[in-house]
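Biologist: Before we use any terms for this chain, I would like to hear the grounds for each. Please show the structure and take my questions in turn.

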Amino acid sequence: MEYIILKNSDLKVSRICMGGCPMGGYGWGYTKEQELIDAVHTAIDTGINFFDTADTYGLGQSEKKEKILGRALGNHRKDCIIATKFGVRVNNGKTTYDNSPEWIIAALNESLMRLGTDYVDLYQIHYRDGQTPMESVVETLEELKKAGKIRYYGLSNINQKNEEELRPFVGKFVSFQNEYSLACRKNEEDMLRISKNLEMSPLTWGSLGQGILTGKYDETVTFGTNDRRSREVYVNFHGDKLLKNLEIVKVMKKIAEKYDKPVAAVAIRYILDFLYGSVVLCGAKKPAQVLENIKGTDWKLERTDIEKLDQISL
């Protein structure tokens with residue numbers, strides 16, 4: 001396993017972070033709680049010490065993920081880095097964003113209870129609400145830090161328009177995460193610029209393109225209604241975008257064969273090699289998926305292979 005220290009912190013984290021979205025039991029098809037717990041244990045056994053979750057996704061059912069993660073970590077808690085998020089509220093199926101001091105504090109206390117811990121290593125703004133001044137958000141987070149409830153804080157889903165408000169707080173935030181993969185390179189320039197100008201470590205979500213970059217699907221792919229990928233908004237599995245992704249996967253399969261690695265490992269390795277000091281977030285529903293993902297570490301893509309992946313994915 002490869003490790004880095006997140007900027008502006010002493011958090012030494014594995015460069016593969018286990019994403020917790022599937023743990024909510026909502027929107028990713030069939031999940032079995034024991035398999036999810038076994039996947040966390042497999043992650044720990046293979047050197048992953050970084051786990052990313054959130055207080056709520058979808059219809060709010062993903063609060064379960066924090067409970068499952070807390071139980072799964074158990075006595076390993078002190079050796080692991082837990083990242084969770086705040087800022088999304090779900091009421092009667094309606095989603096709103098809230099970065100107010102009152103909600104930050106209330107959301108954190110609820111997360112601590114579900115996670116079964118008295119502190120969070122990395123507390124992240126899930127989405128900006130467009131109303132609460134960043135100065136107020138940082139002030140609240142600093143108070144929570146002084147109280148020992150959080151160690152550090154970061155951001156999620158930010159872009160160029162956020163740079164101006166974040167510039168006065170350079171050195172305060174340790175990380176930011178955006179969607180990025182060979183199937184989604186629209187945030188690439190933002191991630192490179194923000195990482196440099198605002199001095200934060202980049203984390204990537206959607207690193208496997210919601211699964212299309214694992215090489216397990218073809219043009220006949222379908223999902224049940226309990227899987228969010230059945231909806232056309234998840235473009236990686238629909239229309240021309242699906243066909244484009246399958247062309248990327250063809251190239252990935254040849255490269256994977258060359259290195260004797262799973263296709264998913266090529267997707268992960270590309271990000272680790274391309275984004276300096278990055279961490280790749282990968283969700284997993286079962287131990288076998290974790291074992292595939294960790295094969296993305298401790299090797300390098302040759303320059304010619306990176307160029308091939310660039311050519312097909314840009």
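Modeller: Strand β3 pairs with strand β4 (residues 50-52) in the parallel sense over two bridges. Gly 19 stands opposite Asp 52 in β4. The model is a predicted one.

Biologist: What makes β3 and β4 a pair?

Modeller: Pairing requires at least two bridges found by DSSP. β3 and β4 have two bridges, so the pair meets that requirement. On β3 there is also a parallel pairing with strand β12 (residues 279-283), over four bridges. There, Cys 17 has Leu 281 of β12 as its bridge partner.

Biologist: Which strands close into a barrel, and in what order?

Modeller: The order is β3-β4-β5-β8-β9-β10-β11-β12, eight strands with parallel pairing. Neighbouring strands of this sheet are turned against each other by 30° on average, direction ignored.

Biologist: Why is Asp 98 called buried?

Modeller: The cut-off for buried is under 20% relative accessible area. Asp 98 has 13%, so Asp 98 is buried. Asp 98 lies in the loop between β7 (94-97) and α3 (101-115). The side chain of Asp 98 makes a polar contact of 2.8 Å with the side chain of Arg 89, and another of 2.8 Å with that of Ser 100. Beyond four places in sequence, Asp 98 touches Gly 87, Arg 89, Trp 103 and Asp 129.

Biologist: Is Phe 169 buried or exposed, and why?

Modeller: Phe 169 has 15% relative accessibility, so Phe 169 counts as buried. The residue sits in the loop between α5 (163-166) and β10 (175-179). Phe 169 and Met 134 are 35 residues apart in sequence, with 8.8 Å between their C-alpha atoms. Leaving aside neighbours within four places in sequence, Phe 169 is in contact with Met 134, Glu 135 and Val 138.

Biologist: What covers the buried residues of α7?

Modeller: The cover includes α8 and α10 (303-313). Among the buried residues of α7 are Leu 242, Leu 246, Val 249 and Met 252. Leaving out residues up to four places away in sequence, Met 252 touches Leu 182, Leu 213, Val 263, Val 266, Ala 267 and Leu 309.

Biologist: Which residues touch the most other members of the largest nonpolar core?

Modeller: They are Phe 51, Tyr 123, Met 134, Leu 155, Phe 173, Leu 213 and Met 252, out of 78 residues in that core. Helix α8 (residues 263-274) gives the largest share, nine residues. Apart from this core lies another, of 14 residues, including Leu 6, Leu 11, Val 13 and Tyr 152.

Definitions and conventions. Residues are numbered from 1 along each chain as its sequence is written. This is a predicted model: local features need pLDDT of at least 70, side-chain atom pairs count only at pLDDT 80 or more; totals for chains, interfaces and linings use all residues. Side-chain values use heavy atoms; hydrogens and water are left out. A nonpolar core is a set of buried Ala, Val, Leu, Ile, Met, Phe, Trp, Tyr and Cys residues joined through side-chain atoms within 4.5 Å. Buried means under 20% relative accessible area, exposed over 50%, partly exposed in between (1.4 Å probe, protein chains only). Contact means heavy atoms within 4.5 Å. Axes are lines fitted to C-alpha atoms, for helices over the stretch in contact, and angles run from 0 to 180 degrees between N-to-C directions. A polar contact is a pair of N or O atoms within 3.5 Å; within protein, one must be able to donate a hydrogen and the other to accept it, and residues adjacent in sequence count only if both atoms are side-chain atoms.
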